[in-house]
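Subject: Structure for you to look at

Hello,

Here is the structure I said I would pass on. Please open it and keep it on screen while you read the rest of this email.

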Amino acid sequence: MKFFVDTAEIDAIAELNDLGMVDGVTTNPSLILKSGRDILEVTKEICDLVDGPVSAEVVATKADAMIAEGRKLAEIAENITIKLPLTWDGLKACKELTGDGHMVNVTLCFSANQALLAAKAGATFISPFIGRLDDINLDGMDLIEDIRTIYDNYHFETQILAASIRSVNHVLESARIGADVITAPPDVIKKLAFHPLTDKGLDQFLSDWAKTGQKIL
Ligand code: G3P
């Protein structure tokens, strides 16, 4: 499973990237706002740092304008993935931009039928939003499972990019179901390393080691 990091914070991306944990990056208008940076500048910096796909989202709502914005974003770097909302116009833009040879991430997906349409429009990635479904008392993981089944039934090549991930359990369940990619905030990725028994065991080892009076270096 590939790990994308869901942020426009350069330092956080760099820290995870140095550990080989970053297969790509996803951004959106809210994350650009949070970074306080200019979209073109910060996206270029991310693309220079990371080898994998970097999603940059259009903000136009009509297909022609989405296509124009997508082409401008794609000029930033070769690893740009144009992010488009899952609307009818977004699907038209997806068809056109993938036809040009660009990678496209279709975002704001909340149903398996939407994911089916995105695959038929040639999307490189589909982004089902798990956390936002959980927020309204639905089970976001059911959506990942349905899309996995449908894409496998028909051998669609669109990759399932599990998004709106809020917890380590979302990562685990996405991996169990077979999502191709997860995109998660940096703190969620770092929390994957935590286990209380690891900390407890380490404390015990260090305390016993101190009693030996030995040194390795
Ligand atoms: O990748 C999409 C993600 O940024 C949305 O997450 O937590 O705002 O629902 P969230």
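Below are some notes on ring pairs and on one helix contact.

Please keep in mind that this is a predicted model.

Aromatic rings

The structure contains 4 aromatic pairs. In one of them, F110 and F129 have ring centres 5.6 Å apart and planes at 70°, so the pair is edge-to-face, the term for planes over 60 degrees apart. These two residues come from distant parts of the chain, 19 residues apart. F110 sits in the loop between β5 (103-109) and α6 (112-120), while F129 sits in the loop between β6 (125-128) and α7 (130-135). F110 is partly exposed, at 32% relative accessible area, whereas F129 is buried, at 8%.

Y151 is buried, with a relative accessible area of 1%; F156 is partly exposed, at 22%. Y151 and F156 also belong to a cluster with Y154, joined by ring pairs.

Helix contact

How do α1 and α3 pack, and at what angle? Helix α1 (residues 10-18) packs against helix α3 (residues 39-49) at about 10°, and their axes are 11 Å apart. Because angles under 35 degrees count as roughly parallel, α1 is roughly parallel to α3. On the α1 side, the residues in contact are I10, I13, A14 and N17. They meet V42, E45, I46 and L49 of α3. Sorted by class, this contact has 6 nonpolar, 1 polar and 1 charged residues.

Regards

Terms used:
Residues numbered from 1 in each chain as written. Predicted model: local features only at pLDDT ≥ 70, side-chain atom pairs only at ≥ 80, totals over all residues. Heavy atoms only, no water. Phe/Tyr/Trp six-rings, centres within 6.5 Å; stacked < 30°, edge-to-face > 60°. Helix = DSSP H or I, 4+ residues; strand = E, 2+ residues; numbered from the N terminus. Buried < 20%, exposed > 50% of the residue type's maximum accessible area, 1.4 Å probe, protein only. Axes fitted to C-alpha atoms, helices over the stretch in contact; angles between N-to-C directions. Parallel < 35°, antiparallel > 145°, perpendicular 65-115°, else oblique. Contact = heavy atoms within 4.5 Å. Nonpolar A, V, L, I, M, F, W, Y, C, P; charged D, E, K, R; others polar.
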